[in-house]
Amino acid sequence: MKTSEFYPNFKVFHELMANKIREILLVASSYDAFIIEQDGSLASRIINEYSGLNLSQPPRITRTGSAATALSILRERPYDMVITMPRLEDMNAFTLGAEIKKIRPDMPVILLAHGSQHIRPEAQKFEGIDKVFVWSGNSDLLLALVKNAEDRLNIEADTQRARVRVLILVEDSPVYYSSFLPLIYKEFVRQTQAVLGEGLNEEHRLLKMRARPKIVLAENYEEAEQLYHRYRQFLFGILSDARFPRNGRMDDEAGFRFLSQVRQEIADLPLLMFSSDPANRDLAAAVPAAFLDKNSPNLLAELHDFFLTHLGFGDFVFRMPDGSEVERASSLRELEKKLTSIPDESLWYHAERNHFSNWIMGRSEIVLASWFREVQASEFTHADDLREFIISNIHALRKWRQRGVVTVFKKETFDADVMDFVKIGNGSLGGKARGLAFMSTLLQENAGIFERFSEIDIRIPKTIVITTEGFESFVSENSLHRFARESFSDEEVLAAFLAGRMPQWLARDLSALLEQVHYPLSVRSSSLLEDAHFQPYAGLYDTHMIPNNHPDPQRRLAHLQEAVKRVFASTYYQGPKAFSKKTGNAPHEESMAVIIQELAGRSYGKFFYPDLSGLAQSHNFYPVSRMKAEDGIARIALGFGRCVMEGERSLRFCPRYPTILPQFSTIDDILANAQRFFYALQVQDYPDELTFDQNANLLRRDVDEADTEEPVRRVASTYRPDEHAIRDSATLPGVRVLTFAQILKYKMFPLPELLSEIMELGKKGMGCPVEIEFSANLAGSEGKKGAFYFLQMRPMAGNIDGTEVNIDEADLDSALIFSTQALGNGIHKRICDIVYVRTESFQSSATKTIAGEIGRINAMLAKEDRPYLLIGPGRWGTADPWLGIPVRWADISAVGAMVELRNAQLSADPSEGSHFFQNITSLGIPYITVSEGGQDFIRWKEINGLPAIQETAFLRHVRLPSPLVVKIDGRRSVSAVHFSTPPSADGIQSSRFKVQD
């Protein structure tokens, strides 16, 4: 049985009960209405019944006293049900029913009588009346007659769509079923609500209520037989009177005959016989069936006991064959746990009688209950095999049904083993967590992906979200609001937040969480604005990783609380504030949720890390060879994804063409561009006090240092210096080089295919290009299954307007800068300042110093509101100072356009995928890559000839009398920057590059 069959998608429950009774027309004389409504209006009483049972959408009631008026209303307005009283001035109820059926043949028409004396013997056979009920002043009857009509309207579709169960009630007396049916419905609703709470949120509980068993009423033997044969495969139980008509005549043993026939065919179906004659108890025992005395003063309590004992609504009571109790379970979680230790005799006793199936059916877990009924205990030879079969299937169900569900954290019901997405508090999940929740739902709705990639486990790491309520309580209780509005350094903000006291309710929940969670954790930001369309705030807030395995629980809690406080504090850091100012958002309106997430990876010695991490984008800004922009692009690296997100060395490939690797064109290219360092979390031999300022235990390790560890062996090749060749094996002597050939070339893990499918899913789901952060573990030598983990999904940055921009030969003649790799679209005419790194003084070892110099010039230009063009070698914003200049957002917050140089001094891959890059492109800031030596160029002579405003050791700041014109044609990724007033051309040559369409 496939896992996806265990638990129907919640979308199925949306489709159930499609036909609802929302509009009721009550046809009653003023006197009859007065009698019914003497204790309150009919509408008020039915609303009270619905709200008292937490049912949604009570019907609206319209009353008229005239049959003629009723028929006129029905011709003009749609109604779902008509309830008519017997006393009508202008037409009797039976004639009215017949007339109504001429207008609306399928609409339920109910006769509501004051007593049996008002019911004509032929009323129950009259074509115009569907059912006759007797009003006794009990407003529960209103709920029952509405629900019973809805059940009749929906039973065919719902049994087919979701195998909804059916309960047959056999009773011929309107007086009795009018009193009995309300008891059954109320008990059904209450008991179903009581057992649906395990692990579900409120929305899903309401949806699953739609899957409660349908109750159908038979008034004679022939109707009962017809319903039995029609819905036999969906039967949940039968409740039958002992005496009712058979072959047109009253038969004292009709109930016994009918129930005996059913018992012969379905040995374990719950059966109940009820009678006003206590002597029929013996007949019930002969079936065998449970018995209920209609005249019992404890009728409701006895009915309640039948539901608990026979229909699976109470505890599952483990018994020995002699009937003695050995254990009991009140939930699926407890049932799974108790099954591991009950005696073999008890296991066989219940399995042979389908008790497990019946009890699970009472929880509306219809598919698993049906599966347990199909697989007979006799098919197992050993008790251990039977026990494992039942436990593994229950566990798979509990785990599967949590997918796509955001559950509210409660210490009493929290189960870290099966709950995948839990929230603490009542606030917002924040942008990043919303993306994760959406991805979880998207996967659940497209469950076929699990079958197409069955060889790997595709999932979102277990996630707990502290909602924005936690942040707001922390800020309020510690009086920290001032840090949102006033200018404080990051160090001052952090010190104040670390000194703050965690709200008592939050500290209590975090402590309860760690009682069950012992794996390494990532503590990540999820602000309200984070990962929003076109304004991602990517990488501006803190993320921390903690080992979460210290032997002292209080020390573990202290580590977690400090990580949470640091994420809280980063809300008010200068970087996010500067970005908010650029986007027009107010920092004081920002709020922060925090994601506490299971770290993807495995332990290797004293380190923990995944085989690979990366970022996939459904749009490729720099397609080459046969690639198209819509084929997407991915970057992967050994270990945690910091290498990718902060612009360090990683491997870039197109999922559709995974073997086309431009940066690996030659052996020398591979040696120059391959990843040499990776990030891993130290989980052993670490100090009690984690050094969060130095990224806690996240260490940058040399690939050679991990040469003997499995991940390196799985994704590395070997360079043989004597041959000047690279062999796709990590077992040969030589230098290890991370080529990921085993994945991209030999397909030991279907990463390219999976990324292509997932990007397409995300793109359709979000309605725009997306980027997805992920990690993966390959299949291990110890037999562990490979796994793919979603870490984040967000809309792709890239604010492209629809302006058509043409760059022609005249633009090239006057171009100061020309590029064939530019991001953005439009014409920009506000920039009069250029800040550039002087090529003659540039040193790769001084990039951190250069970043500081840029920050100081940026601060001056920001105060004057002067956007500027920034030019420099390598990747802007990289964390690796040898690949470019490691500026932060606060260092370049006033920038108007950026140029990334690739030349002999520094020739890194173009920026794409880093957090810094996402924020720049999301703001529509032109990002221009110039690869000197080819078609691209910068006229250095012209720039160097401009008068300097200031010069530093590595920078030059020049100013023009009139703005530059920055033109970008986003369709072709071509850009030209030129003077708005052409300078005197002392010998400027026209470019030979021809602009291609």
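The questions below go from the whole chain to a sheet, then to some helices and a loop.

Biologist: Before we turn to details, what share of the residues in the protein is buried?

Modeller: Please keep in mind that this is a predicted model. The protein holds 34 helices and 47 strands, and its accessible surface comes to about 39800 Å², with 48% of that belonging to carbon and sulfur atoms. A residue counts as buried when its relative accessible area is under 20%, and of the 997 residues in the protein the buried share is 60%.

Biologist: Which strands stand at the edges of the open sheet, and why is one side of each left without a neighbour?

Modeller: The open sheet has 6 strands with mixed pairing, in the order E17-E33-E32-E24-E25-E26. Each edge strand has a single partner strand, so one side of it is left without a neighbour in the sheet, and the two strands in that position are E17 (456-459) and E26 (651-653).

Biologist: Which helix packs on this sheet?

Modeller: Neighbouring strands of the sheet are turned by 20 degrees against each other on average, direction ignored. The helix in question touches E17, E24, E25, E26, E32 and E33, and its direction makes about 30 degrees with that of E33 (786-795). Spanning residues 751-766, it is helix H30.

Biologist: Is strand E25 largely enclosed or left open, and how many of its residues are buried?

Modeller: Ile 633, Arg 635 and Ala 637 point one way from E25, whereas Ala 634 and Ile 636 point the other way, and all are buried. E25 is largely enclosed by the rest of the structure, because the number of its residues that are buried is 5 of the 5.

Biologist: Which residues of helix H14 are buried?

Modeller: Helix H14 runs over residues 344-352, and just after it Asn 354 takes a positive phi of about 60 degrees. The cover over its buried residues includes strands E13 and E14 together with helices H13, H15 and H17.

Biologist: What covers the buried residues of helix H16?

Modeller: In helix H16 (residues 366-374), the buried residues are Ile 366, Val 367, Leu 368, Ala 369, Ser 370 and Phe 372. Their cover includes helix H6 (140-162), H15 and H17.

Biologist: Which backbone nitrogen does the side chain of Thr 878 reach?

Modeller: Thr 878 lies in the loop between strand E39 (875-876) and strand E40 (884-885), and with a relative accessible area of 2% Thr 878 is buried. Leaving aside neighbours within four places in sequence, its contacts include Glu 646, Gly 647 and Glu 648 as well as Leu 883 and Pro 886. Its side chain reaches, at 3.0 Å, the backbone nitrogen of Asp 880.

Conventions: Residues numbered from 1 in each chain as written. Predicted model: local features only at pLDDT ≥ 70, side-chain atom pairs only at ≥ 80, totals over all residues. Heavy atoms only, no water. Helix = DSSP H or I, 4+ residues; strand = E, 2+ residues; numbered from the N terminus. Buried < 20%, exposed > 50% of the residue type's maximum accessible area, 1.4 Å probe, protein only. Areas by Shrake-Rupley, 256 points an atom, 1.4 Å probe, with all protein chains shown as cover. Contact = heavy atoms within 4.5 Å. Pairing = 2+ DSSP bridges. Axes fitted to C-alpha atoms, helices over the stretch in contact; angles between N-to-C directions. Polar contact = N/O pair within 3.5 Å; in protein donor to acceptor, adjacent residues only side chain to side chain.
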